[in-house]
Amino acid sequence: MKSQRILALVKIQYKSLIRVPTTFFIMLLLPIALTLIFGFAFGSVIIEDTGKSVFEFLVPGLFALSGLFMIIPVASSFSEDREQGLLKRINTTPTTAAEFMGSHLLSNMSMVILQVAIIGLLCFLMGYRPDGAAAGMILAFVFMVIYSLSSIGLGLITATIAKTAKAAGGIAWIFILPQQMFASGLYPLPDSTIVIKMFMPLHYASDALTLLFDGIALSDLRIWGDLIILIIFSVVIVMGGILLFKKYGKA
Amino acid sequence: MSKSKNIDQTSNELIFGSDNPNAIEVKDLRKTYTGKKVIEEVKAVDGISFSIKKGEVFGLLGPNGAGKTTVINIFCGLINPTEGDAFVGGYDVKKDLSKIKEIIGLCPQQAAVYQFLNAKENIELFGNLYLVKREVIKERMERFLDLLGLSEASNRKAKKYSGGMLRQLNLIIALIGDPPIMFLDEPTVGLDPRNRRKTWKFINSLKETNKTVVLTTHYIEEAEALCDRVAIIDYGKLVAIGAPRDLIEKHDSKNLEDVFMKITGRRILEGI
């Protein structure tokens, strides 16, 4: 693994964040817009039982949702690189598959950190104060970074299925919508749907963030249970995505 | 394990060692497409054998679908041959792909560049992928951009480039790692006559640096002007090979285009 290659590829991903409108919109504008909309719309609506605002209740879901939407730019960028012959071209250079995929994982995971920091700052400016301690907030970051792996994996699976970058943007919703509906915690759902969300990585990220923002002790086993299951989900999905894309998606 | 590695190394030295005059060797190479998507078995490359000398500009000619790009894709490791052997720089395409990738540069048919980057950023990226030092990338980049007349537009994003400019950028990217063996797949298609001449001059300048250039083209006059030797491929078979002048004499023709038509003309006669 040569750092010169990885850094050069990471740099390109960051440039695409600024210069490619879809990436910029989904990775930065959409989470900011959602936070502002939910903040202004529900910041003063208080839930009687808890004394908290609806916005405070929604914050963990907002964080998790921003990681979920990452599926679209990941799928689009791989599909577009393939359409333009860039994957083939890079494949003829001494760059190894590990360096190429590693650079994508690194850049996307670091973009999630940026995303989380921006949403966190916005929430703070809008008066949101999590009950958790600093260690809990750091762990929340870790959850988001691990969760982003599953989104990258799903992005790769989407790019494998999609024939074009435009199609990838549409197909990505197959993975986004169910998770958004059942596992983001943004929508009140009947208990009968619990089984469905157990199979969605977003549930474990969203659940852990809710617990951590509510100030639960780090010794609580529910957090570590969520972490273990999320790691398993993310590693399996990202490995599956890489293998599928390598076998069926490159050409 | 180590024993087989030694045998490979020895064979590489035998093939590409200083005594070996060949940069590329092909023996009975075949590529057949079969499978669910292909109704009929397609022989894209059908038992071709030839060698390309070090420092030679070698043209691969043939009608559309003759198998030229398939041969180049095999050399670059993008597809595996069905049968036969191919050695690039002495390395076996089936075993030593990572070594081959260090000594080749590909200018693909499709201009494969990042549209949201400018020319300099695209070149710099590929320079880094070949682990070229920053100052060397800068020096080569400026020289190549100047040679192909792209200097002024080098800070413009590639998506704003014309087709011809993209082709030239495509060519520069292939060269930024200074590979000893270059594959140029129809590098001048779609270029206007002025830019085509400029590209010819550029390719000719590669001869001075003793690079081996494998060029596919549809423009027969281009092959005649640039290539030391050409191979004509038709239906995946090698139907002629030699220096343009020798082929013209052998086939009693006025120029290489005549030779090409005499050899591959059956397609037209058969109405394919």
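# Questions on a predicted two-chain model

User: What share of the 251 residues of chain A count as buried?
Analyst: This is a predicted model, and a residue is buried here if 20 or more other C-beta atoms lie within 10 Å of its own. Applied to the 251 residues of chain A, that criterion gives a buried share of 46%.

User: Which kinds of elements follow one another in chain A, from the N terminus on?
Analyst: Chain A has 0 strands. The order of its elements from the N terminus on is therefore a run of helices, and the number of helices in chain A is 11.

User: Which radius of gyration does chain A have, and why does it agree with a compact globule?
Analyst: The C-alpha trace of chain A spans about 60 × 35 × 30 Å along its principal axes. For 251 residues, a compact globule would have a radius of gyration near 18 Å. The value for chain A agrees with this because it is 18 Å.

User: Among contacts in chain A between residues at least 6 apart in sequence, what percentage join residues at least 24 apart?
Analyst: Two residues are in contact if their C-beta atoms lie within 7 Å. Among the contacts in chain A that join residues at least 6 apart in sequence, those joining residues at least 24 apart make up 78%.

User: At which residue does helix 2 of chain A bend, and which proline follows?
Analyst: Helix 2 of chain A covers residues 21–42. It bends by about 40 degrees at Leu29(A), and within four residues comes the proline, Pro31(A).

User: Against which helices do the buried residues of helix 2 of chain A pack?
Analyst: The buried residues of helix 2 include Thr23(A), Ile26(A), Met27(A) and Pro31(A). Further along helix 2, Thr35(A), Phe38(A) and Gly39(A) are buried as well. In chain A, the buried residues of helix 2 pack against helix 1 (3–19), helix 3 (54–68), helix 4 (71–83) and helix 6 (97–125).

User: How many helices and strands are there in chain B, and what share of its residues count as buried?
Analyst: Chain B contains 11 helices and 10 strands. Of its 272 residues, the share that counts as buried is 44%.

User: With which residues is Ile172(B) in contact, leaving aside its neighbours within four places in sequence?
Analyst: Once neighbours within four places in sequence are left aside, its contacts are Ile123(B), Phe144(B), Leu145(B) and Leu148(B).

User: Which helix of chain B gives the most residues to the side that touches chain A?
Analyst: In the interface, 20 residues of chain B are in contact with 20 residues of chain A. Helix 3 (97–103), strand 6 (104–107) and helix 4 (119–129) of chain B each supply at least two residues of the side that touches chain A. On that side of chain B, 14 residues are nonpolar, 4 polar and 2 charged. The element of chain B that gives the most, with 4 residues, is helix 4.

User: Is Asp252(B) buried or exposed?
Analyst: Asp252(B) has a positive phi of about 50 degrees although it is not a glycine. It is placed in the loop between helix 9 (244–250) and helix 10 (256–264) of chain B. Because Asp252(B) has 9 other C-beta atoms within 10 Å, it is exposed.

User: Which residues does Gly84(B) touch, not counting residues up to four places away in sequence?
Analyst: Gly84(B) belongs to strand 4 (residues 83–88) of chain B. It is partly exposed, with 18 other C-beta atoms within 10 Å. Not counting residues up to four places away in sequence, Gly84(B) touches Lys27(B), Asp28(B), Leu29(B) and Arg30(B).

User: Which element of chain B has the lowest mean pLDDT, and which the highest?
Analyst: Chain B averages a pLDDT of 88, and 89% of the residues score at least 70. Over residues 1–15 of chain B, however, the pLDDT is below 50. Among the elements of chain B, the lowest mean pLDDT (41) belongs to helix 1 (residues 2–16), and the highest (97) to helix 4.

How values were computed
Residues numbered from 1 in each chain as written. Chains lettered and ligands numbered in written order. Predicted model: local features only at pLDDT ≥ 70, side-chain atom pairs only at ≥ 80, totals over all residues. Bend = angle between axes of the 7 residues up to and from the residue. Buried ≥ 20, exposed ≤ 12 C-beta atoms within 10 Å, placed from the backbone. Nonpolar A, V, L, I, M, F, W, Y, C, P; charged D, E, K, R; others polar. pLDDT = per-residue confidence, 0-100. Rg over C-alpha atoms; globule rule 2.2 N^0.38 Å.
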